[in-house]
Amino acid sequence: MAAEVGKKYVIIGNGIAGTTCAQMLRKNDVSCSIWLITNEPHPLYNRVSLPRYLQGLLPEQKVFIRNLEWHEQQNIRLLTETLVTSVDTEGRVVHLDHGGPLPYDALLVATGGWANKLDVPGVAGTQHIYNFVTLDDTREIIARALESKEAVTSGGSFIAYEMTEGLNVRGVHVTWLMRGPYWLRSILDAEGGQLVDNIATRHGVTIVHGDQIDHVVADSGVPKTVVGATGKEYPAEVIGVGLGLTLNHGFLASTPIERQTGIMANEYLETNVPGVFTAGDVAEFYDPMIGRHTVMGTWDNALAHGRIVAINMAGGHEPYVDVATYTSPLFDTNIAVMGIAESNNPELETFMKMAPGDKGNTDYRKYFFKENRLVGSVFIGSPKGRKKLVELIRDGGNYPTQAEREALFDVR
Ligand SMILES: Cc1cc2nc3c(=O)[nH]c(=O)nc-3n(C[C@H](O)[C@H](O)[C@H](O)COP(=O)(O)OP(=O)(O)OC[C@H]3O[C@@H](n4cnc5c(N)ncnc54)[C@H](O)[C@@H]3O)c2cc1C
């Protein structure tokens, strides 16, 4: 490695936000020192590819985006299996669970979130209960899926859906428990939820609404059944839970860095503490597009944050202004969420339309308006017109009449 004489950067978290930032810092400054720290054992891999790896559609090596050699070539010091335990913002030092401490001139916290665990009777000492966030989670789910016939998944989120589909494609019969009346309750409505149920049911998934895991019955540490809050029993050799994420900023508790759901930041991704920045899923940043702070859990957002924050850590002053987008396959169709798509937000008006789409699927499109301005949308079915719609959201045009709102359905 070349000698380091310049500015000292420390980046906590080697996901897409942290690794992109490291790459950009190096691109713009050959003499700085860059430490990239992760508690995971791997260099950057693509979390968005994990569902396809789970389904057996992608070999594991294709999930990786970077290898160790790349970090050496870039002169980026990657510390794997290393947990940051605390930060001293006065002394500008990062403390690790082993080795260190590491001094910094500028610090990036890009630590994402860890999955909430299932915490009900019968879980302690029982194997084969999985979250689905990391590559290692995925390896374990695949290994168990190969020896299982019956699974229970639980949750109303994207992750619960991805696990359900992955296990189903692996030939495991899945009973999917959802406490609420439909999937993605904060975005969809009853019609959209029914559509998603129909897609999954058509592929052999058994969906149960209004139930959740009350306890797990196991034999010698191997799950046998899940008992729901309704008292119903469901066979389960493997259990997958999507109970949301807790964003990783607890290790900042002794610092003055402002935290709420995420780490608070302005549109430049600077925290309230000089020299400390945040990016990706863990950032609760000011979004000028919507005029308030927000957290986003999307790959594109984390990547774009990584680029912008590198500029600002090096002394630049560039705001992050973009429309959030999230796209995901849904069995043989797709879902795309753009901008602010919040069904429970009383400040927003909505317009929804469904029509027959390609290959026997239905096209569902819902639009969200704030004071007549188009601010978000969700598509199930054909993704055609998605990019154009993102432009329309970015343009912030007004759609005061029903006819103007209906015409958006034909944007392709
Ligand atoms: C299964 C799955 C499917 C997804 N599908 C999609 C999709 O289709 N489209 C989409 O847009 N998004 C999708 N996402 C979300 C997307 O992957 C995330 O938004 C993105 O990866 C966030 O990147 P990040 O760099 O902010 O954080 P992360 O990728 O979470 O990286 C943070 C890293 O920091 C580490 N870390 C945390 N605390 C510490 C600490 N104290 N010390 C050291 N290391 C620490 C974490 O372990 C982790 O390795 C999916 C996510 C999952 C899990």
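Visitor: Which domains each supply at least three residues to the shell around the ligand?
Guide: This is a predicted model. The chain is divided into domain 1 (8–114 + 246–313), domain 2 (129–243) and domain 3 (325–410). At least three residues of the shell come from each of two of them, domain 1 and domain 2.

Visitor: How many residues surround the ligand?
Guide: The closest are Asn-39, Glu-40, Arg-47, Asp-281 and Trp-299. Those five belong to a shell whose total is 34 residues.

Visitor: How many residues of that shell are nonpolar, polar and charged?
Guide: Sort the shell by class. Charged residues number 4 and polar ones 13. The nonpolar count is 17.

Visitor: Which helices and strands each supply at least two residues of the shell?
Guide: Take the helices, then the strand. The helices are α1 (16–28), α5 (158–169) and α7 (299–313). The strand is β22 (325–330).

Visitor: How far is a polar side-chain atom of Asn-39 from an oxygen atom of the ligand?
Guide: Asn-39 is among the closest residues to the ligand. A polar contact needs N or O atoms within 3.5 Å. For this side chain, the distance to a ligand oxygen is 2.6 Å.

Visitor: Which part of Thr-327 lies 3.1 Å from an oxygen atom of the ligand?
Guide: Compare Trp-114 and Thr-327. Trp-114 places a polar side-chain atom 3.0 Å from a ligand oxygen. For Thr-327, the atom at 3.1 Å from a ligand oxygen is a backbone N or O.

Visitor: What share of the ligand's exposed area does the protein bury?
Guide: Start with the ligand taken alone. It then exposes 1,000 Å². Of that area, the protein buries 95%.

Visitor: Is Ser-328 buried or exposed?
Guide: Ser-328 sits in strand β22. Its relative accessible area is 5%. Buried means under 20%. Therefore Ser-328 is buried.

Visitor: Which side chain makes a polar contact of 3.4 Å with the side chain of Ser-328?
Guide: Leave out residues up to four places away in sequence. Ser-328 then touches Phe-158, Glu-162, Asn-334 and Ile-335. The side chain in the 3.4 Å polar contact belongs to Glu-162.

Visitor: Is Tyr-326 buried, partly exposed or exposed?
Guide: Tyr-326 is in strand β22 too. Beyond four places in sequence, Tyr-326 touches residues including Phe-158, Glu-162 and Gly-297. Its relative accessible area is 23%. Buried needs under 20% and exposed needs over 50%, so Tyr-326 is partly exposed.

Visitor: How far apart in space are Tyr-326 and Glu-90?
Guide: In sequence, 236 residues separate Tyr-326 and Glu-90. In space, C-alpha to C-alpha, they are 38 Å apart.

Visitor: How far apart are the C-alpha atoms of Met-338 and Leu-389?
Guide: Met-338 lies in strand β23 (residues 333–339). Met-338 is buried, with a relative accessible area of 0%. Leu-389 is one of its contacts beyond four places in sequence. They are 51 residues apart along the chain, yet their C-alpha atoms are separated by 8.3 Å.

Visitor: Which residue has its backbone oxygen 2.9 Å from a polar side-chain atom of Thr-278?
Guide: Thr-278 belongs to strand β19 (residues 276–278). Thr-278 is buried, with a relative accessible area of 0%. Its contacts beyond four places in sequence include Leu-108, Val-109 and Ile-263. The backbone oxygen at 2.9 Å is that of Val-109.

Visitor: How many residues of domain 2 are in contact with domain 1?
Guide: The centres of domain 1 and domain 2, taken over C-alpha atoms, are separated by 30 Å. Domain 1 contributes 15 residues to the contact. From domain 2 the number is 15.

Visitor: Is Ser-220 buried or exposed?
Guide: Leu-184, in the loop between β11 (173–178) and α6 (190–202), has a positive phi near 50° and is buried at 7% relative accessible area. Ser-220, in the loop between β13 (213–219) and β14 (222–228), has a positive phi of about 50°. With a relative accessible area of 71%, Ser-220 is exposed.

Terms used: Residues numbered from 1 in each chain as written. Predicted model: local features only at pLDDT ≥ 70, side-chain atom pairs only at ≥ 80, totals over all residues. Heavy atoms only, no water. Near = heavy atom within 4 Å. Polar contact = N/O pair within 3.5 Å; in protein donor to acceptor, adjacent residues only side chain to side chain. Areas by Shrake-Rupley, 256 points an atom, 1.4 Å probe, with all protein chains shown as cover. Helix = DSSP H or I, 4+ residues; strand = E, 2+ residues; numbered from the N terminus. Nonpolar A, V, L, I, M, F, W, Y, C, P; charged D, E, K, R; others polar. Domains from an automatic or database assignment. Buried < 20%, exposed > 50% of the residue type's maximum accessible area, 1.4 Å probe, protein only. Contact = heavy atoms within 4.5 Å.
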